[in-house]
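Trainee: Could we go through this model together? I would like to begin with the packing and then turn to individual residues.

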Amino acid sequence: MSDGIPRSSKPPSPPRLRNTALPEPDEAQSTSTFLGDISMSGEIDTYDGAHRSQFYELGQKLLEESMDPDQLLITPATSMHELRREYTGAPSFVAQIDSLMNQGYTKIVRTKGSDGNCFYRALAYAYLSSLIDSPNLVFSAKTVIESGSRMMERNYMDADIIATFCEPLMDLMNAVGSPDPNIRLTRDRLLSAFMEQETSNCIVTYLRLLTTAQIQSASDDYAGFLFNDSGEQMLPSEFCRHYVDPLGKEADHVQVAALCRALKLHVKIAYLDGHSPDGRVHFQEITPPNDGKNKPLILLYRPGHYDVLIKTN
């Protein structure tokens, strides 16, 4: 169904992510049009006492995880059964996890809980992991990254800084499909790279800068949806300075929209939110303009947090 947000209202907080299949700049729609179409039931925005209690417990758990200095930035893939055990006593969540497993989503790659960077880290890992499976797409992926870097420069970002943060990402892309087995990117090597703080955070920072460049390059498309925490509308430059550029700032629907658009990615986000007593899981699908044929990257959204969801045959 089609959904919209009044221009004068405060944008929703997670998990109320809206679909973000934005038009290309030359296809810009009127500012009264929202960021795209959506196929999610309105019941995703309903809460009852049980849900509030479950959200509180989940929020506390994620907060404790984020404060653990020993927690990995990203973990090896684990069974969804492990996640299911963590929700004992929360039947609506368990029902949704069962539904996901019945659809073939059997594994999860976890990103560090509630550090504010989980969306960018999860998307980057899923993106590079997909290239390992489809090395024929590396050339086009590198072309998109190079185009994104030029877009950053057009937005007055320093070329040397861009190159510094982009280098780890390009090194990993260049290693995909390498004829040298000592260099070729494998999932174990990808995981090790993302566990390494400097590499992982450089990639996150690059994606944040790319998101900023996208928002500022197509500012007319986003201007009606940029608000601060008090619901006051912000200029694109102010919004990016406060809510996109700094490490630790969570991604809301505008940031998700902009980054997927900049990278031309097909993404599906599964909502593990406890809102469906029958276990139905809502998926939000983001497709790049004129290209939705590639296998989508799958992310799992829990209130305030993103992980990578893996579907097995």
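Predicted model: local features only at pLDDT ≥ 70, side-chain atom pairs only at ≥ 80, totals over all residues.

Trainee: How do the axes of helix 4 and helix 8 cross?

Mentor: Helix 4 spans residues 118-133 and helix 8 spans residues 197-217; their axes come within 9 Å and cross at roughly 105 degrees. Angles of 65 to 115 degrees count as roughly perpendicular, so helix 4 is roughly perpendicular to helix 8.

Trainee: Which residues meet there?

Mentor: Helix 4 contributes Tyr120, Arg121 and Ala124. On the helix 8 side they meet Ser200, Asn201, Ile203, Val204, Leu207, Arg208 and Thr211. The residues of this contact divide into 5 nonpolar, 3 polar and 2 charged.

Trainee: On cysteines, how many disulfides does the structure hold?

Mentor: The structure holds 0 disulfides. Cys240 is also a buried cysteine, with a relative accessible area of 1%.

Trainee: Changing topic, how many residues has the largest nonpolar core?

Mentor: That core has 69 residues, and Leu263 and Leu299 have the most contacts inside it. Helix 4 supplies its largest share, 12 residues. Another core, of 18 residues, lies apart from it and includes Ala90, Ile108, Leu300 and Leu309.

Trainee: And what does Leu299 touch?

Mentor: Not counting residues up to four places away in sequence, its contacts include Phe119, Ala122, Leu123 and Ala126. Val267, Ile269, Tyr306 and Leu309 are also among them.

Trainee: Last point: which residue other than glycine has a positive phi near 55 degrees?

Mentor: That is Lys264, in the loop between helix 11 (253-263) and strand 3 (267-271). With a relative accessible area of 44%, Lys264 is partly exposed. Tyr156, likewise not a glycine, has a positive phi of about 65 degrees.

Trainee: Where does Tyr156 lie?

Mentor: Tyr156 lies in the loop between helix 5 (138-154) and helix 6. Its relative accessible area is 77%, so Tyr156 counts as exposed.

Conventions: Residues numbered from 1 in each chain as written. Heavy atoms only, no water. Axes fitted to C-alpha atoms, helices over the stretch in contact; angles between N-to-C directions. Helix = DSSP H or I, 4+ residues; strand = E, 2+ residues; numbered from the N terminus. Parallel < 35°, antiparallel > 145°, perpendicular 65-115°, else oblique. Contact = heavy atoms within 4.5 Å. Nonpolar A, V, L, I, M, F, W, Y, C, P; charged D, E, K, R; others polar. Disulfide = S-S within 2.5 Å. Buried < 20%, exposed > 50% of the residue type's maximum accessible area, 1.4 Å probe, protein only. Core = buried A, V, L, I, M, F, W, Y, C linked by side-chain atoms within 4.5 Å.
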